[in-house]
Each structure stands twice: as structure tokens, then as C-alpha cells.
Amino acid sequence: KVRLALNLALDKQAVIDATLGGLGTPSVAVGFFFQDKPWTPADLKPFPYDPAQARKLMAEAGYPNCFEFTMNLVAWPGRAYLPLVGEAVATQWEANLGCKIKRRPLDRAVFTNDFNKRTYPGVAVAYSFPFLGGEPWQLWRVIGDSKGSVMLSYEDPQLDAFLGKVGATADFNERVKIMQDMARHIYDKVPRVEIAETFGLFAVSDKVK
């Protein structure tokens with residue numbers, strides 16, 4: 001209920017407009033790019049902006065005034081906008097849920113050491129996944145598998161099982177079926193607050209091969 005409330009309390013389109021210049025679209029299941037691909041079930045939709053329902057869920061969960069936590073604001077190479085995203089999210093959570101959020105500007109090297117050692121529970125961070133591999137499970141195997149090299153999302157035995165199965169499946173259509181089940185599992189778990197698929201800008205010229 002808390003994780004769903006944090007999603008519902010966030011106007012994601014407003015965050016996209018304010019911090020990304022409108023270059024993005026609200027995303028569906030965590031870490032599942034892209035929405036028009038066959039592995040993302042078409043019936044899954046981004047969570048709506050519903051502050052009233054968010055407050056109701058928080059109260060039911062025992063946190064009528066939210067709680068206190070820290071937001072790490074880390075600028076990654078090529079993703080200097082992330083501290084702005086974190087600030088926008090924190091501001092909305094404070095306004096809509098009454099959360100008390102400490103902003104913590106943090107050097108990337110410090111944060112890298114934290115997530116490599118899995119030593120940052122209870123801390124929120126605005127993060128943008130890089131494009132890694134042609135299918136989303138390839139990224140998840142690095143950042144979400146309990147046996148992976150880093151922990152940048154969440155760990156769950158069922159997710160481990162999906163990753164093990166899809167990684168051992170050679171047939172593309174069979175992988176798609178597994179990834180669809182995996183997407184629904186992640187969507188139902190609501191492990192994080194997914195904001196947007198961001199659009200990249202590329203300069204193109206006939207002179208550039």
C-alpha cells in the first residue's frame with residue numbers, strides 16, 4: 001500500500017515536463033522498455049495521479065502523515081537531470097502525503113560504493129537505467145538479481161526464478177511469454193516508483209557515418 005501510494009501521489013507528467021523538457025512518457029512496469037514491444041503486456045497502464053487515494057492507502061498502512069526518509073540526489077554521467085527529478089518527486093510527496101524528506105547531494109563514487117555493497121536501505125534515489133541489452137531481462141539480471149553484481153532495484157525470489165528461466169530460453173517467442181509474466185509480477189509488486197521512458201536526442205547529418 002505504501003509503494004502504491006507513493007506512485008499515486010506523483011504527477012509523473014508534471015515531473016517529465018518540469019525536469020525533462022517534456023521528453024518522455026509515463027512508463028508502465030518497472031524497467032520494462034519499451035511500451036510498444038511485445039514483452040510489455042498492452043493491458044498494463046501507468047498508475048494514475050490520485051493524491052486522495054494515495055493518502056487513503058497511506059493511512060490504511062499506518063502512515064497517515066507519511067514518514068521521514070532521505071533522498072539521495074546523484075548526478076550520473078549523461079544524466080545530470082536526475083537531482084532535479086529527485087527534487088521534483090520529493091516536493092510532490094511532501095505536498096500530497098506530508099512526507100518529511102531530507103535532500104542529500106551525493107557524489108556518484110560514494111553512491112556506487114553503496115549499491116555495490118548493498119548498503120543503502122531506507123534511502124530513496126532518483127535513477128535512470130541505461131539501455132543495456134535488447135531485452136529488459138538483460139538489464140534486470142544485472143541490477144535486480146539477488147546474485148547480480150549490484151543492487152539497484154529490488155530483490156525477490158520469484159524475480160530470480162524469472163531471470164533464470166528467461167536467460168536459459170533460446171526461443172524468442174518463449175522469452176516474450178516469460179517476460180510478460182515477469183512484467184505482470186513486477187507491476188503487481190510495485191517495487192519502486194517508475195516515472196518515465198525518456199527520449200534521447202541525437203544529431204544526424206549526411207556527413208556523419
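Welcome to the tour. Start by selecting Glu87, which is partly exposed, with a relative accessible area of 31%. Keep in mind that the model on your screen is predicted.

**Stop 1: a bridge from helix 4**

The side chains of Glu87 and Arg103 meet in a salt bridge, 2.9 Å from N to O. Glu87 belongs to helix 4 and Arg103 to strand 3 (residues 100-105), so this pair ties together parts that are 16 residues apart in sequence. Arg103 is partly exposed, with a relative accessible area of 24%.

**Stop 2**

How many salt bridges does the count come to? The count is 10. For another of them, select Arg118 and Glu155, whose side chains meet at 2.7 Å, N to O. Arg118 sits in the loop between helix 5 and strand 4 (123-125), while Glu155 sits in the loop between helix 6 (136-143) and helix 7 (157-167), so the pair ties together parts that are 37 residues apart in sequence. Arg118 is partly exposed at 30% relative accessible area, and Glu155 is partly exposed at 35%.

Next, pick Arg192 and Glu194, joined by a salt bridge of 2.7 Å, N to O. Is Glu194 buried or exposed? Glu194 counts as buried, because its relative accessibility is 13%, below the 20% cut-off. Then show Lys1, Lys56 and Glu60, which are linked in a network of salt bridges.

**Stop 3: the nonpolar core**

Now turn to Met71, Trp93 and Leu97. These are the residues with the most contacts inside the largest nonpolar core, which has 33 residues. Helix 1 (2-8), helix 2 (12-19), helix 3 (51-60), strand 2 (68-73), helix 4 (82-97) and helix 8 (172-189) each supply at least two residues of this core. Helix 4 gives the most, with six residues.

Apart from this core lies another one, of 26 residues, with Val74, Leu106, Phe111 and Leu139 among them.

Stay a moment with Met71 and show what surrounds it. Leaving aside residues up to four places away in sequence, Met71 touches residues including Val89, Trp93, Ile101, Arg103 and Val125.

**Stop 4: Leu82**

Select Leu82, which is found in helix 4. Leu82 counts as buried, at 3% relative accessibility. Not counting residues up to four places away in sequence, Leu82 touches Val74, Trp76, Ala126, Tyr127 and Ser128. Select Val125 as well: the C-alpha atoms of Leu82 and Val125 are 8.9 Å apart, although the two residues are 43 residues apart along the chain.

**Stop 5: aromatic rings**

The count of aromatic pairs comes to nine. Display Trp76 and Phe115: their ring centres are 5.9 Å apart and their planes lie at 20°, so this pair is stacked. Trp76 is in the loop between strand 2 and helix 4, and Phe115 is in helix 5 (residues 108-117), so the pair ties together parts that are 39 residues apart in sequence. Trp76 is buried, with a relative accessible area of 9%.

Phe111 and Phe115 are four residues apart in helix 5, separated by about one helical turn. Both are buried.

To see a cluster linked by ring pairs, select Tyr63, Phe67, Phe69 and Trp93.

**Last stop: the surface**

Finish with Leu23, Phe199 and Leu201, a nonpolar surface patch with about 320 Å² of accessible area together. Phe199 lies in the segment after strand 5 (196-198) and is partly exposed, with a relative accessible area of 46%.

Conventions:
Residues numbered from 1 in each chain as written. Predicted model: local features only at pLDDT ≥ 70, side-chain atom pairs only at ≥ 80, totals over all residues. Heavy atoms only, no water. Patch = residues over 30% accessible without salt bridge, like charges linked within 9 Å, V, L, I, M, F, W, Y side chains within 5 Å. Areas by Shrake-Rupley, 256 points an atom, 1.4 Å probe, with all protein chains shown as cover. Salt bridge = Lys/Arg side-chain N within 4 Å of Asp/Glu carboxyl O. Buried < 20%, exposed > 50% of the residue type's maximum accessible area, 1.4 Å probe, protein only. Core = buried A, V, L, I, M, F, W, Y, C linked by side-chain atoms within 4.5 Å. Contact = heavy atoms within 4.5 Å. Phe/Tyr/Trp six-rings, centres within 6.5 Å; stacked < 30°, edge-to-face > 60°.
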